[in-house]
Amino acid sequence: EPGPVAQSPAFARAVFPLQRQPGLRHLVDARQRPFLIQGDSPWSILVQLTREEAELYLADRQRRGFNTILVNLLEHKYSADSPRNRYGHAPFRVADDYGTPNSDYFDHAAWVVRAAADKGILVLLAVTYIGCCGEDGWYAQMLANGPARMREYGRFLGRRFREFDNIMWVHGGDANPLDQGIVREVALGIRDVDTVKLHTAHTAPGFQA
């Protein structure tokens with residue numbers, strides 16, 4: 001039988017969205033309380049699990065005191081049927097075409113984000129993982145789509161997930177791309193629509209911004 005939800009004062013339920021404050025080396029929530037990350041990294045939760053399985057996982061992490069998960073919005077290699085989710089929905093109606101988002105796929109992703117929000121969990125949402133710029137990520141496809149289409153993809157994400165305060169956008173993924181602009185266009189597209197949520201980058205090991 002599951003135990004009670006963790007009640008440690010260090011991990012009191014945050015009020016999202018998170019914020020940065022000048023002079024502080026930590027994030028704060030909407031009530032200016034420090035947000036201390038207790039995180040897990042279920043990278044493939046959006047594609048590997050059904051909604052029922054995701055609900056079980058999130059409930060378990062909530063009981064254990066986790067307040068953050070790191071999640072891949074698009075899987076390219078590291079899931080059973082990538083890039084499709086457990087319901088057979090691909091992220092794009094035309095393969096690798098960022099200009100054709102599939103509403104069924106992103107509706108499921110939004111469902112999981114909402115389930116996390118209900119449990120006070122922040123979602124670090126990696127918008128298009130580039131990997132080491134090879135087959136494990138989406139870097140080649142991003143270059144093929146070009147800056148304008150990647151900017152519009154960012155705007156699509158900003159609109160589709162604008163209602164969720166429990167998101168921090170994550171750009172890149174395990175590498176520093178030669179064309180940083182193609183990654184930046186996605187971030188700029190999101191900010192064209194939603195200027196509230198924070199953004200961060202997942203860079204190569206040892207990189208200092």
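**Close-up views of side-chain pairs**

Phe92 has a relative accessibility of 4% and therefore counts as buried (buried is under 20% relative accessible area, exposed over 50%, and partly exposed in between, with a 1.4 Å probe and protein chains only). The model is predicted: local features need pLDDT of at least 70 and side-chain atom pairs pLDDT 80 or more, while totals for chains, interfaces and linings use all residues. Residues are numbered from 1 along each chain as its sequence is written, and side-chain values use heavy atoms, with hydrogens and water left out.

**View A. Phe92 and Tyr153 in an aromatic pair.** The whole structure holds 11 aromatic pairs. In this one the ring centres are 6.2 Å apart and the planes stand at 70°, so the pair is edge-to-face. Rings of Phe, Tyr and Trp (its six-membered ring) pair if their centres lie within 6.5 Å; planes under 30 degrees apart count as stacked, over 60 as edge-to-face, and the rest as tilted. Phe92 sits in the loop between strand 4 and helix 3 and Tyr153 in helix 4, so the contact ties together parts that are 61 residues apart in sequence. Helices (H or I, at least four residues) and strands (E, at least two) are DSSP runs numbered from the N terminus. Tyr153 is buried, at 1% relative accessibility. Ring pairs join Phe92, Tyr98, Trp138 and Tyr153 into a cluster.

**View B. Phe161 with Trp169 and Arg160.** Phe161 is buried, at 0% relative accessible area, and Trp169 is buried at 0% relative accessibility. Arg160 lies over the face of Phe161, 6.0 Å from the ring centre. A charge sits over a ring if NZ of Lys or CZ of Arg is within 6 Å of the ring centre and within 35 degrees of the ring normal. Elsewhere, Arg61 lies over the face of Phe66 at 5.5 Å from the ring centre.

**View C. The salt bridge between Lys119 and Glu55.** The N to O distance is 2.6 Å. A salt bridge is a side-chain nitrogen of Lys or Arg within 4 Å of a carboxyl oxygen of Asp or Glu, and by this rule the count comes to 18. Lys119 lies in the loop between helix 3 (103-118) and strand 5 (122-126) and Glu55 in helix 2, so the pair ties together parts 64 residues apart in sequence. Lys119 is buried at 12% relative accessible area, whereas Glu55 is partly exposed at 31%.

**View D. The salt bridge between Asp97 and Arg149.** The closest N and O atoms are 3.0 Å apart. Asp97 belongs to the loop between strand 4 (68-72) and helix 3, and Arg149 to helix 4 (residues 139-160), so the pair ties together parts 52 residues apart in sequence. Asp97 is buried at 16%; Arg149 is partly exposed at 37%.

**View E. Arg155 and Glu152 in helix 4.** These side chains form a salt bridge, with the closest N and O atoms 3.1 Å apart. The residues are 3 positions apart in helix 4, so about one helical turn separates them. Arg155 is partly exposed at 27%, and Glu152 is partly exposed at 34%. Both belong to a network of salt bridges that also links Arg151, Arg159, Glu185 and Asp192.

**View F. The surroundings of Ala54.** Ala54 lies in helix 2 (residues 51-63) and is buried, at 0% relative accessibility. Leaving aside neighbours within four places in sequence, Ala54 is in contact (heavy atoms within 4.5 Å) with Ile45, Leu49 and Val112. The C-alpha atoms of Ala54 and Ala116 are 9.2 Å apart, while 62 residues separate them along the chain.
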